[in-house]
Structure formats: structure tokens, C-alpha cells
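Here is a short note for a colleague who is opening this entry for the first time. Please read the points in order, with the structure beside you.

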Amino acid sequence: MYQKMSLRQEYSLVYGKDLFRKEMSQVWLEHVRKMAGYLEAKRVSECGARSLWWACDGEESFGAWKRMLCRSRWCPVCSGAETKHLWNYLRYRMREVTAAMHTGIRFWRWETTLPYEFRELVTMMDGIDRFTAMSVDWFESYLRRRLKITDSVKLLTMVVPQWWGSKEPYGNGKFDPKHVHCHGVTLCFGWEPEVVSDGSVVRPARVVHFSRRYLEDSGIDVKGFPSRFVEARSSWRRVLESEYGEMQAEDVDVKIRYEEGWDQWNHRSAYMLRSPVKDFSEWADANGEKAVDLEWAREAMSARAGKQRVRYYGALSPKSQSPDSPLMKFIGLRLSNRKQYNREQKRVFCPNGHEMHVVYSVPPDLTVKLIAENEPFIVLLPPWIRVRDSGG
Ligand SMILES: [Zn+2]
Ligand SMILES: [Zn+2]
């Protein structure tokens, strides 16, 4: 029997003078004001300004302050926290599943793109779901062909569809900003359910580890040169053309790469899960007062807000990951669902192990005073509040 990992977050205690808070960009706040209104911009500008007094249940009544976040979806700080949360939850699931399957984390990361000429056919509200499903089918079929994996083996795939380029969310002058693509990850092992015939088990369920890592095919590309992933690209082209019609573009772009280890996983999943507001606000921070198409930004971010950011397929689907699924029974794992997980994550404990609760809140001016007076703060170590370097 293997040890379940703890779901609790690690909180630390930091003194006022060591608290660091990134300044909210005035340019971004101005964008928020134009897109979502004055009140929303005000809410975002006051993120972390107020604080709450927390105290423990124990005899010693241990207490500390904790900053209050705005939880606006226009807030780069709060969306960063939300991304971190999602990232943690995914990592929790992946660690549990791989441990129960007695394997490390090994995966292919892949990317599909949509040629520019078809961009109007896929919107975040509509065509993106179809595009995502096509992308998953394409990669999984390619993988099965390359490694001769039968249909009886369920793969584990997750994918994040995106509608704009992260580095250039407003386009680059030459191209308009719509850049439809999917980031996918498929694990380097699969699961084959048991085969039953005439009431008896013919073959027991098993985890199938794929021994080959590198998938690339080689051939002659459309320009007549020897190239890698020729079949991968031409098969993606066939998928696109059967859906959207004949293509003028000479070639299509796909990426496939093998990676392994938790460092790679952490890096990859953080990149996939980053929030839309991060792309747009970082661009605003870097480009200052430059004029932008805020209609597009609002459309891109609003459409996304109602959508599930990550989608899971095959043995990673919610059904396969539920406690009573054949897979979970087979590997002897009971994963916490998102609700149970969130509940655990929100619990804060004092250094003596007593649970802490909110007692009252204080306004921004008093929070500033508390920081100046070097009062203790509870910090989740989210990305935006960090302990100052001792030298600084
Ligand atoms: Zn205590
Ligand atoms: Zn916030």
C-alpha cells in the first residue's frame, strides 16, 4: 500500500518588512477600466490592500495577518494564484496516478496549429471544441500508428486549446491576433482494461509502458527535402482539409517532443495552464501606452472565462479518474475530487498544528501600518508575494 500525499498547502510566516508586493501596472488598470468598468478596475487596484486577522483554535491563540485578494478575473495577481492552484491540483493527480502505476512521469508534448486562411472558421465560443477534439484524435492516431498501440489500450491525454499567441496577444502588425492552436500532453504509458469472454477473464487488466520514446517519422517534405515528421504534418493536413476544405498553404505546422521527469512536467504544465489575463497584462506592462484593440482583448478573455481551460481524455478523463472506475480500482487509488481538494488546500494551521480561522478584517491604511510595524503575515508563497532578498 502506498502513501497518499498531503493535500494541504504549505503556508509560511513572513514579517511585515519582508513582505514584497508587485506593483499593479497602471497601464493594465487603465485597460481593465475600459474593458470592464471603473468599479472592476478599482477592485483590481485594491488587490491585497486589505488584510484579515487569523487566529488558531489552540490555547496559545496564535495569530497572524493574511492579505485579502480581489479574486477578479481581470487581476493578473489573482489569475496567477488560480493558475498555481490548477497546476497544483494537476500535479497532485499526476503524482498519485504515476506512483500507483509504478512509473515516473514521461510524456510527449505536442502542438497543433490552424493555418491562417482558416482562422475565421474557429472561434473560442464555437469551433474551438471541434478543433480540440480533432487535434487529440490526430495525435493519438499518429502515436498508435508509430508505436503499434492497439485500440484496446486507453491513452492518457490532456489538452489546452488557445485562440491567440501568448507572446503577441494583439498580433504583430502583419497578422491579426487570431492564432488558433492546441497544446497537448500524452503520457508515455497506457491502460488496457481486462478482456472478459464467456463470463471469465481472458486477459487481466494491465498498465502498458511504451518503450519507444522518439516518434519522428522521416520522409521527403512538400518542398522536396528530407525532413522529420513528414507523415505527422501530412496527416494533420488531411484532418484539416476534411474539416475545412482545400488548403492553399504549402505546409502545416505541428510539434511533437518527448520529455520526462517532474521538472519538465512542472515547466510544461505551468506553460499550458497560464491564464489569458497573464498574456494580455504582461503585454501591456511591456508595451506601455501603445494603442491596442481592447475589443479583441475583451472578446478573447471573456470567451475563455466560461470555458474549461484543460480537457482530459481517455484514461485521464473525469470518468476514468472517478473512484469507482475500473482503472482506479485496478491501481488501488482514490483521488480527491476538486471540491475535497480545494477544501483541504484552504486550511491553514499554526506552527503548533492547530487549525486557524479568520477573526476580522482591517482596511488598507491599517494594513500598511501593520506592514511598517513588522507584524507577522501568513503567506501562501504565491508567485507575487515573496520574501525580499536579504541583500535588498
Ligand atoms: Zn495554535
Ligand atoms: Zn487580485
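1. Confidence by element. Helix α8 (residues 294–305) has the lowest mean pLDDT among the elements, 78. Strand β4 has the highest, 96.

2. Confidence overall. The protein chain averages a pLDDT of 87. At least 70 is reached by 94% of the residues. Residues 382–392 are another matter: there pLDDT stays under 50. The model still gives that stretch 19 contacts beyond four places in sequence. Where pLDDT is low, predicted coordinates should not be read in detail.

3. Overall build. The protein chain has 392 residues, of which 28% count as buried. Its secondary structure comes to twelve helices and 17 strands. The C-alpha trace spans about 70 × 60 × 40 Å along its principal axes. Of the contacts with a separation of 6 or more, 72% join residues 24 or more positions apart.

4. Domains. The domain assignment gives two entries: domain 1 (12–72 + 344–379) and domain 2 (77–334). Their centres, taken over C-alpha atoms, are separated by 35 Å. Twelve residues from domain 1 and eleven residues from domain 2 make the contact.

5. The sheet. Five strands form an open sheet in the order β13-β4-β6-β5-β14, and the pairing is antiparallel. Which strands sit at the edges? They are β13 (254–260) and β14 (311–314), each pairing on one side only. Neighbouring strands are turned against each other by 20 degrees on average, direction ignored.

6. One strand pair. Strand β5 (residues 156–164) runs antiparallel to strand β6 (residues 178–187), and seven bridges join them.

7. The main core. The largest nonpolar core has 65 residues. Those with the most contacts inside it are Val44, Cys47, Cys75, Phe131, Val254 and Ile256. Helix α4 gives the largest share, eight residues. In soluble globular proteins, nonpolar side chains tend to be buried together.

8. Val44 and a second core. Leaving out residues up to four places away in sequence, Val44 touches Met24, Leu29, Val32, Cys70, Ser72, Trp74 and Cys75. A second, separate core has ten residues, including Val14, Leu19, Cys56 and Met356.

9. Val136 as a test case. Val136 is placed in helix α4. Is Val136 buried or exposed? It has 21 C-beta neighbours inside 10 Å, so it counts as buried; the cut-off for buried is 20 or more. Beyond its neighbours within four places in sequence, Val136 is in contact with Thr157, Val159, Gly184 and Tyr313. Met356 is 220 residues from Val136 in sequence and 44 Å from it in space, C-alpha to C-alpha.

Technical notes. Residues numbered from 1 in each chain as written. Chains lettered and ligands numbered in written order. Predicted model: local features only at pLDDT ≥ 70, side-chain atom pairs only at ≥ 80, totals over all residues. Pairing = 2+ DSSP bridges. Helix = DSSP H or I, 4+ residues; strand = E, 2+ residues; numbered from the N terminus. Axes fitted to C-alpha atoms, helices over the stretch in contact; angles between N-to-C directions. Core = buried A, V, L, I, M, F, W, Y, C linked by C-beta atoms within 7 Å. Buried ≥ 20, exposed ≤ 12 C-beta atoms within 10 Å, placed from the backbone. Contact = placed C-beta atoms within 7 Å. pLDDT = per-residue confidence, 0-100. Domains from an automatic or database assignment.
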